[in-house]
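Subject: Structure handover

Hello,

Please find the structure below. My notes on it come after.

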Amino acid sequence: MKKIRSARLPSYIVMSSLMWLIVLEAHDCIVAAIGAVMLALYMTIVYVFPELRTITMDKDGCTVTWLKWKKKHKWEELAIIREDTWGRQREGFKGVVFSKSAVRKNGEAYTTEKIFRSLEYLDCFYVVFDNIKEDEFLKQLEEWGVKVEKGEELRKEQQYQEMVEIRKMARERRKNAIKKDGSRTNKKKG
C-alpha cells in the first residue's frame with residue numbers, strides 16, 4: 001500500500017497565508033481589500049485545497065481522502081490514468097493524472113491540465129513526481145496491472161528528444177565522413 005501526500009503543500013499554505021495577511025492590512029481601502037480577498041480566495045481554492053488530498057493506492061485501486069471526505073476508486077473504474085507533463089516554466093509538473101470520467105459535465109474531454117485544475121477533488125486527482133520516484137511509482141502500477149497511457153505533452157517531448165538524437169547521430173556521421181574523406185585526400189597527396 002502506497003500513501004501519497006503533496007510535497008508542495010507547505011509552500012502553498014505560506015503563499016496563501018501571506019495573501020490573507022495582505023487582506024487584513026488592506027482594510028483602509030475597500031477596492032484593495034476586495035481585490036486582495038478575491039486573490040487570496042483564488043489562491044486558496046486553486047493551490048491549497050487540492051494539495052490537502054491524500055491518495056492511498058494498492059493493487060485493487062486507490063482511495064482519495066480530502067479533509068473529512070473519502071472516496072474509493074477501483075482501477076478499472078477510472079476512465080483516465082495518464083502519465084504526462086503539464087504547466088509552464090516555474091509551474092511545470094510531471095506525473096500521473098487520474099479521472100473517474102473521460103469527459104467533463106459540459107462534454108469537453110478531460111485534458112491533463114483540466115484534471116490538474118479540476119475542483120472535483122475526489123474524482124480528478126494527480127500524483128506529481130516531486131517527492132516520489134517516477135520509475136518506482138510506474139513500476140508499482142505495472143505490477144498491479146494498471147495500464148498507464150502516455151499523455152500528449154509527454155509524447156511530444158519524447159518525439160522531440162528522438163528528433164534531437166537523430167540529428168545528433170546524423171551530424172556525427174557527417175563529421176566522420178568528412179574526417180575519412182580528409183584522411184583519404186591527405187594520403188593521396190602524400
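Predicted model: local features only at pLDDT ≥ 70, side-chain atom pairs only at ≥ 80, totals over all residues.

Residues are numbered from 1 along each chain as its sequence is written, and side-chain values use heavy atoms, with hydrogens and water left out.

Asp-84

Asp-84 sits in strand E5, residues 80-86 (helices, H or I, have at least four residues and strands, E, at least two; both are DSSP runs numbered from the N terminus). Asp-84 is buried (buried is under 20% relative accessible area, exposed over 50%, partly exposed in between, with a 1.4 Å probe and protein chains only). Asp-84 has no salt bridge (a side-chain nitrogen of Lys or Arg within 4 Å of a carboxyl oxygen of Asp or Glu). The nearest side chain of opposite charge is Arg-82, 5.1 Å away (Lys and Arg count as positive, Asp and Glu as negative; His and the chain ends are not counted).

What does the side chain of Asp-84 make a polar contact with? The partner is the side chain of Thr-112, at 2.7 Å (a polar contact is a pair of N or O atoms within 3.5 Å; within protein, one must be able to donate a hydrogen and the other to accept it, and residues adjacent in sequence count only if both atoms are side-chain atoms). The Asp-84 side chain also reaches the backbone nitrogen of Glu-153 at 3.3 Å.

Aromatic pairs

The structure holds 13 aromatic pairs (rings of Phe, Tyr and Trp, the last by its six-membered ring, with centres within 6.5 Å; planes under 30 degrees apart are stacked, over 60 edge-to-face, the rest tilted). Phe-49 and Trp-66 are edge-to-face, because their planes stand at 70°, with the ring centres 5.9 Å apart. This pair links helix H2 (residues 30-51), which holds Phe-49, to strand E3 (residues 61-66), which holds Trp-66, 17 residues apart. Phe-49 is partly exposed at 28% relative accessibility, and Trp-66 is buried at 12%.

Phe-116 and Tyr-126 form a tilted pair, 4.6 Å centre to centre with 50° between the planes. Phe-116 belongs to helix H3 (residues 112-117) and Tyr-126 to strand E7 (residues 124-128), so the pair ties together parts 10 residues apart in sequence.

Leu-67

Leu-67 lies in the loop between E3 and strand E4 (69-74). Leu-67 is not a glycine, yet has a positive phi of about 55°. Most residues other than glycine have a negative phi.

Regards
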